[in-house]
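Hi,

Here is the structure I promised to pass on. Have a look at it first, and then read my notes below.

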Amino acid sequence: MNPENPVVQLCSQGMQAEAEGRDDDARAHFQQAWELATDDYEASIAAHYLARHQPSPEQALHWNRESLARAERVTDERVTGFFTSLHLNLAKSYRDLDQHDQAQEHFALAARHIGDVPPGQYADWTRFAIAEGLRPVNPAAELIDDLIAEFCARRDLKALALVLPARLGDLGTDDDRTRLRTALHMLHAARWLPDAEQDTLGRAITALTPA
């Protein structure tokens with residue numbers, strides 16, 4: 001986003017106010033951004049932030065839907081990286097309203113667009129949120145979660161740093177399973193775990209290996 005854009009500037013000011021606990025000021029900035037928006041691109045940005053400060057789940061859903069609808073009207077690449085976040089926010093809104101089928105639909109759509117988000121901490125955080133919503137079937141999930149609990153108990157930060165991102169970011173795709181299996185293989189090959197954990201690790205790898 002262009003930091004010189006007045007709507008973007010107002011939203012940045014709103015986020016700063018939000019970080020400082022000034023929610024009324026934040027909402028005022030986002031409302032002003034909405035009123036200042038001159039096209040669908042700017043309106044999508046403003047609506048996205050307005051959704052954060054609504055008094056009810058229904059109103060938050062309205063603004064999240066508005067943000068997506070405006071982004072879909074933009075015909076250039078400026079909004080390409082928006083759709084993961086917009087669908088994720090819609091999924092959360094539907095979940096808050098106990099509309100679980102719609103929530104799962106938008107979690108899946110968010111996952112479909114995750115490759116459009118530039119790599120980095122924001123992309124990782126978004127991927128984790130999508131995975132939490134989708135909760136894909138993972139035949140080794142219980143074994144891996146038991147291992148992670150052991151790593152935490154022993155403060156084995158190296159093992160945790162290797163396995164946890166792949167576990168939290170598993171969207172259920174073949175690529176995600178390969179990433180997770182590779183992390184487990186690397187840890188297994190290092191052979192620094194206690195014997196019981198090494199055995200559990202081997203069983204997890206076997207569970208993730210295609211027949």
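Helices here are DSSP runs of H or I with at least four residues, strands are runs of E with at least two, and both are numbered from the N terminus. Before I go on, a word on the source: this is a predicted model, in which local features need pLDDT of at least 70 and side-chain atom pairs count only at pLDDT 80 or more, while totals for chains, interfaces and linings use all residues. Residues are numbered from 1 along each chain as its sequence is written, and side-chain values use heavy atoms, with hydrogens and water left out.

Back to Arg155: its phi is positive, about 55°, although the residue is not a glycine. For context, most residues other than glycine have a negative phi. Is Arg155 buried or exposed? It is exposed, with a relative accessible area of 72%. (Buried means under 20% relative accessible area, exposed over 50%, and partly exposed in between, with a 1.4 Å probe and protein chains only.)

Arg135 is another residue with a positive phi, near 45°, and it isn't a glycine either. You'll find Arg135 in the loop between helix 7 (121–134) and helix 8 (141–154). Arg135 counts as exposed too, at 64% relative accessibility.

Now the overall picture. The protein has 11 helices and 0 strands. Its C-alpha trace spans about 60 × 35 × 30 Å along the principal axes. Of the 211 residues, 46% count as buried. If you take the contacts (heavy atoms within 4.5 Å) with a separation of 6 or more, 58% of them come from residues 24 or more positions apart.

The protein is divided into domain 1 (1–60), domain 2 (79–133) and domain 3 (140–208), with bounds from an automatic or database domain assignment. I looked at how domain 1 meets domain 2. Their C-alpha centres lie 20 Å apart, and 8 residues of domain 1 are in contact with 8 residues of domain 2.

How much area do domain 1 and domain 2 bury between them? About 560 Å², with 71% of it on carbon and sulfur atoms. Buried area is the accessible area (1.4 Å probe) that two parts lose on being put together, summed over both. On the side of domain 1 that touches domain 2, the elements giving two or more residues are helix 3 (40–50) and helix 4 (57–73). Helix 3 gives the most, with 4 residues. By class, that side of domain 1 has 5 nonpolar, 2 polar and 1 charged residues. (Ala, Val, Leu, Ile, Met, Phe, Trp, Tyr, Cys and Pro count as nonpolar, Asp, Glu, Lys and Arg as charged, and the others, Gly among them, as polar.)

Ser67 is buried, with a relative accessible area of 0%. A polar atom of its side chain lies 2.8 Å from the backbone oxygen of Ser44. Leaving out residues up to four places away in sequence, Ser67 touches Ser44, Ala47, His48 and Leu86.

Cheers

Conventions. Polar contact = N/O pair within 3.5 Å; in protein donor to acceptor, adjacent residues only side chain to side chain.
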